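Hi,

Here is the structure I promised to pass on to you. Have it open in your viewer while you read, and I'll go through what turned up.

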Amino acid sequence: MHHDIADLRSFYYQRALGRVVQRILRDRLVTRWQPGACTGMNVAGFGFAAPMLRPYLATARRVTALMPGPQGVMAWPAGMPNHSVLCDETAWPLETGSVDRLVILHGLETSDDPAALLAEAWRVLGPGGRMVVMVPNRAGLWAASDRTPFGLGRSYTTGQIETQARRAGFVPEWHGSAVYIPPSDRRFWLGSAQMWERTGMRISRVLIAGVVLIELSKQVRAPIGPDLRVHVPSPLQILDGVVGPRPARPHLEQNLHDAQESRGSCQANRPESVHKVNCRTAAIRPIWVSY
């Protein structure tokens, strides 16, 4: 079951609770990835990560908001050139290794094939690239409520999302939690949301958050093995070859010796008329030399 783009847009841009959640998650992301540190990078998001990508529009080289087909797509950002793309969840229109930073929000928990989705994320990320995944917390109140987008699809614990990421080849770098307020539209909770976030970060073992965040990296090992060794001659070897040529190889010396013997036998045993022709032929017999 997938989200509907109309419901997501209504929650994050029109509902007061959604605007608070948007600010909380975006602040946590910016804490990890400073916009100034992403200058010249390619930043992308999948699912409904568009609200998280706005701080990077001014500094990043390219910002792309990928939205899966079953969910739908909307033009984003408003009043600016479009950066959103409708795509298949396991076939993104991005080149391999072209993304430096990737955000997944409301994409993994509703995916029909989470393993294939993570494999596609691995493909588009470049070596050393980073990805932040935001999913509903299985133990939180938000996963049990149908009044927000976090109540749809699968929910995860930190251990579950780490295990799934490791199977896809990613290396967990950091994990955290966010959205410690209950899924309520009451003014008390909305007004005190930032206070609850600061408190939850200090005593996260006591308060249960609604969203699990995990930062992953793509580490590619350098290829090794006997078939990949390359011999690079030293400068001394190169100079030795110029000053003093290398001696002929044994098979080359044998070819020269055979040619001389053949020429001598022609001169001793053949008539004069034949001697001139055949000895000249023997003298110009090609000698193959391999270096």
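One term first: two strands count as paired if DSSP finds at least two bridges between them. Also keep in mind that this is a predicted model.

Let's start with the sheet. It is open and has 7 strands, in the order β3-β2-β1-β4-β5-β7-β6, with mixed pairing. Which strands stand at the edges? They are β3 (84–87) and β6 (171–178); each has a single partner strand, so one side of each is left without a neighbour in the sheet. From one strand to the next, the twist averages 20 degrees.

For a look at one pairing, go to β1 (residues 42–47) and β4 (residues 99–105): these two run parallel and are joined by 5 bridges. If you click on Ala-44, its bridge partner in β4 is Leu-102.

Helix α2 (residues 16–32) lies across β4, β5 (125–136), β6 and β7 (211–217), and it runs at about 145 degrees to β6. Helix α4 (residues 114–124) lies across β1, β4 and β5, at about 145 degrees to β5.

Next, the rings. A pair of aromatic rings is described by how far apart the centres are and by the angle of the planes. There are 8 aromatic pairs in the structure. One of them is Tyr-13 with Phe-48, which is edge-to-face, at 6.4 Å centre to centre and with 80 degrees between the planes. Tyr-13 belongs to helix α1 (residues 5–13) and Phe-48 to the loop between β1 and α3 (50–53), so this pair ties together parts that are 35 residues apart in sequence. Are these two buried or exposed? Tyr-13 counts as partly exposed, at 34% relative accessibility, while Phe-48 counts as buried, at 0%. Ring pairs also link Phe-11, Tyr-12, Tyr-13 and Phe-48 into a cluster.

Another pair to look up is Trp-189 and Trp-196, which is tilted: 5.7 Å centre to centre, with 40 degrees between the planes. Trp-189 is partly exposed, with a relative accessible area of 24%, and Trp-196 is partly exposed as well, at 21%.

Last, two charges over rings. The charged end of Arg-101 sits over the ring of Trp-33, 5.6 Å from the centre of that ring. Lys-218 has its charged end over the ring of Trp-122, 4.7 Å from the ring's centre.

How values were computed:
Residues are numbered from 1 along each chain as its sequence is written. This is a predicted model: local features need pLDDT of at least 70, side-chain atom pairs count only at pLDDT 80 or more; totals for chains, interfaces and linings use all residues. Side-chain values use heavy atoms; hydrogens and water are left out. Helices (H or I, at least four residues) and strands (E, at least two) are DSSP runs, numbered from the N terminus. Axes are lines fitted to C-alpha atoms, for helices over the stretch in contact, and angles run from 0 to 180 degrees between N-to-C directions. Contact means heavy atoms within 4.5 Å. Rings of Phe, Tyr and Trp (its six-membered ring) pair if their centres lie within 6.5 Å; planes under 30 degrees apart count as stacked, over 60 as edge-to-face and the rest as tilted. Buried means under 20% relative accessible area, exposed over 50%, partly exposed in between (1.4 Å probe, protein chains only). A charge sits over a ring if NZ of Lys or CZ of Arg is within 6 Å of the ring centre and within 35 degrees of the ring normal.
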